[in-house]
Amino acid sequence: MANRSKKLVLSSLWWALRSSAALAMFMPAFGYWMGEIAGTAAAAIIASMAGAHLSFEIGMKMKSRALRAPSGLLLDLLLPPDRAEDMTYNLLGRYPHWVDKHGARKANIIFAAQSLGAILCFWCDWVLKRANLLRWWQSF
Amino acid sequence: MLPKLEEMILLAVLKHGPEATAGDVQAALSEVLGREQAFGSIFTTLDRLTDKKYVKWRKGVPDESRGGRAPRLYTITGKGRTTLAASLRAVRLLAEGTSLGDLPGLEGANA
């Protein structure tokens with residue numbers, strides 16, 4: 001990812017140099033409107049370079065994030081504390097197995113998917129329990 | 001008669017000894033079924049089994065390597081053991097005399 005972004009930045013720079021050299025050669029012969037075209041082209045080149053730089057930065061950030069072990073913050077935020085504690089303990093215990101089997105990036109995805117599944121299951125069960133209680137109360 | 005997942009989870013808790021974590025149960029089921037079992041269903045089923053008093057749990061010791069969090073350690077109760085035995089006996093009786101009794105791993109079905 002980083003190598004691709006670097007290549008993109010270098011090629012953008014190379015095309016910027018080439019285009020500006022070509023425009024500088026023809027500008028005196030074509031007059032004012034050529035200057036307008038040169039300005040637009042320069043703006044487009046600068047924008048593309050900024051885009052390439054941004055994609056490079058995002059790529060680097062994603063790479064560094066993929067290697068970081070998950071913290072279970074989502075579980076802590078969306079579940080009662082005692083349930084979140086047990087779930088995070090067990091998911092973190094299984095995490096090294098996923099890293100060995102699938103690699104760090106996929107292990108993080110599995111961790112996130114399992115966390116989301118656990119949260120959904122917990123709240124669905126919570127709603128179903130209350131619904132059953134309501135049905136029982138209505139039967140009187 | 002117990003639902004299949006509850007039966008399997010009770011068996012995993014029983015097999016793992018007196019203090020099994022949800023992670024131990026998930027690992028055992030994933031190994032037996034050959035695919036990664038969802039933690040969500042394990043946690044929910046363990047909660048249901050606790051409500052039915054088939055298993056009980058106590059808080060374990062916090063582990064620093066897992067962010068200082070403590071697990072729930074599950075143990076099967078006498079009621080759970082009786083219900084599991086009855087459920088397994090019913091399955092065995094149903095399999096008796098069928099061609100499934102010849103399959104490997106079900107040798108005891110025709111006994």
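Author: A residue counts as buried if 20 or more other C-beta atoms lie within 10 Å of its own, and as exposed if 12 or fewer do. Please keep in mind that this is a predicted model.

Reader: Okay, so is Lys53(B) buried or exposed?

Author: Lys53(B) counts as exposed, because it has 12 C-beta neighbours inside 10 Å.

Reader: And where is the place of Lys53(B)?

Author: Lys53(B) sits in the loop between helix 3 (39–51) and strand 1 (55–59) of chain B, and its phi is near 65°, a positive value in a residue other than glycine.

Reader: Switching to helices: at what angle do the axes of helix 2 and helix 3 of chain B cross?

Author: They cross at roughly 125°, with the axes coming within 10 Å, which means that helix 2 of chain B is oblique to helix 3 of chain B. The crossing is right-handed.

Reader: Which residues meet there?

Author: From helix 2 of chain B come Ala22(B), Val25(B) and Gln26(B), and they meet Phe39(B), Ile42(B), Phe43(B) and Leu46(B) of helix 3 of chain B. By class, this contact has six nonpolar residues, one polar and no charged.

Reader: Now the other chain, how many residues does the contact take from each?

Author: Chain B gives 18 residues and chain A gives 17 residues. On the side of chain B, the elements that give two or more residues are helix 2 (22–33) and helix 3, and helix 3 of chain B provides the largest share, six residues. That side of chain B divides into six nonpolar, seven polar and five charged residues.

How values were computed:
Residues numbered from 1 in each chain as written. Chains lettered and ligands numbered in written order. Predicted model: local features only at pLDDT ≥ 70, side-chain atom pairs only at ≥ 80, totals over all residues. Helix = DSSP H or I, 4+ residues; strand = E, 2+ residues; numbered from the N terminus. Contact = placed C-beta atoms within 7 Å. Nonpolar A, V, L, I, M, F, W, Y, C, P; charged D, E, K, R; others polar. Axes fitted to C-alpha atoms, helices over the stretch in contact; angles between N-to-C directions. Parallel < 35°, antiparallel > 145°, perpendicular 65-115°, else oblique. Left-handed = near helix turned anticlockwise from the far one by under 90°.
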